[in-house]
Number of protein chains: 2
Amino acid sequence: MSRTLAKPAYSNEEKQLATFAKAMGHPVRIQILKLLNDQACCYTGDLTESIPLAQSTISQHLKVLKEAGLIQGEILPPKVKYCLNQDNWQVARRLFTGLFGVAFIEGASQTCNSDG
Amino acid sequence: MSRTLAKPAYSNEEKQLATFAKAMGHPVRIQILKLLNDQACCYTGDLTESIPLAQSTISQHLKVLKEAGLIQGEILPPKVKYCLNQDNWQVARRLFTGLFGVAFIEGASQTCNSDG
DNA sequence: TTTATTTATCGCCAATTTACGATAAACTCG
DNA sequence: CGAGTTTATCGTAAATTGGCGATAAATAAA
């Protein structure tokens, strides 16, 4: 008997975390996020100069990050300036550090003993 | 003139972070990781009972997490017990908290002013 | 209005992902 | 050996992703 009838129900946290993680699941996008985290904001053009990918490809990656809520674009004709979405960036920080148990990893001795 | 000749070169950190993030980019896999982080270890069978997805699908997700190095499986016939890969879990924790700037976010007033 | 600049979107294609059922593999027990 | 249990793998199909060039859209400047 298969148990595939009910659609899996995920908590909002799980969904949000997965959305953030998925958006971060490409080295170029990590690179972009690091850049925005380090040096405030930047233009699409700056990225196309420093990253050897087609302009359209970089635009796509920016779209992915924007749709995940991690960055936001301020339109400053004829350019567009991208920055981290600070609110969501903090949400992401909280969710990830929560998952990894940052700040209360001390007595966390988790062994994999065979007690089953 | 297109600048698409050189293949993009990513740092090991960026690649590793993206690999971890990608593996975490699905709510079921977040769920599994949370479970393993909370209650030590568990068997594939436990997951198939609590998650309404086909057994083969869950096995696939476990494979993704294992290949990313986030979990490991101990074969305990006829079952297989999965745990977090603690070493890599700590690596992931370090990389993510590093990216989010955990512990030194105090004077980080990053505004998005138009100085360009 | 035309031209130049910058960015987003479209169409396309190859590769990957996600899900499933069916089946194989490994091991235990009778 | 044969049957039962548990998990992984295979085959398949639909959807998504990642890359590109070409083109559209928006705006400034001439």
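These legends walk through several close-ups of a predicted model.

**View 1. Chain A from end to end.** Follow the sequence along and you'll read the pattern α-α-β-α-α-β-β-α. Of its 116 residues, 41% count as buried. As for contacts in chain A between residues at least 6 apart in sequence, 56% of them link residues at least 24 apart.

**View 2. The sheet of chain A.** Here's the open sheet of chain A, whose three strands are arranged in the order β1-β3-β2 with antiparallel pairing. At the edges sit β1 (42-43) and β2 (71-76) of chain A, each of them pairing on one side only. Strands of a sheet pair through backbone hydrogen bonds, in either a parallel or an antiparallel way. Between β2(A) and β3(A) (residues 79-84), the pairing is antiparallel and runs over six bridges. To find your place in that pair, look for A:I71, whose bridge partner in β3(A) is A:L84.

**View 3. Helices against the chain A sheet.** Helix α2 of chain A (residues 27-38) lies across β1, β2 and β3 of chain A, and runs at about 85° to β3(A). Helix α4 of chain A (residues 55-67) also packs on the sheet, where it touches β2 and β3 of chain A. The direction of α4 makes about 120° with that of β2(A).

**View 4. Where a chain A helix meets a chain B helix.** The crossing of α1(A) past α2(B) is right-handed. From α1(A) come A:E13, A:E14, A:L17 and A:A18, and they meet B:P27, B:I30, B:Q31 and B:K34 of α2(B). Sorted by class, the residues in this contact are four nonpolar, one polar and three charged.

**View 5. The chain B hairpin.** Last stop is chain B, where β2 (residues 71-76) and β3 (residues 79-84) pair in the antiparallel sense over six bridges. A hairpin takes β2(B) into β3(B) by way of two residues. A handy pair to look for is B:E74 and its bridge partner in β3(B), B:K81.

Methods. Residues numbered from 1 in each chain as written. Chains lettered and ligands numbered in written order. Predicted model: local features only at pLDDT ≥ 70, side-chain atom pairs only at ≥ 80, totals over all residues. Heavy atoms only, no water. Left-handed = near helix turned anticlockwise from the far one by under 90°. Helix = DSSP H or I, 4+ residues; strand = E, 2+ residues; numbered from the N terminus. Contact = heavy atoms within 4.5 Å. Nonpolar A, V, L, I, M, F, W, Y, C, P; charged D, E, K, R; others polar. Pairing = 2+ DSSP bridges. Axes fitted to C-alpha atoms, helices over the stretch in contact; angles between N-to-C directions. Buried < 20%, exposed > 50% of the residue type's maximum accessible area, 1.4 Å probe, protein only.
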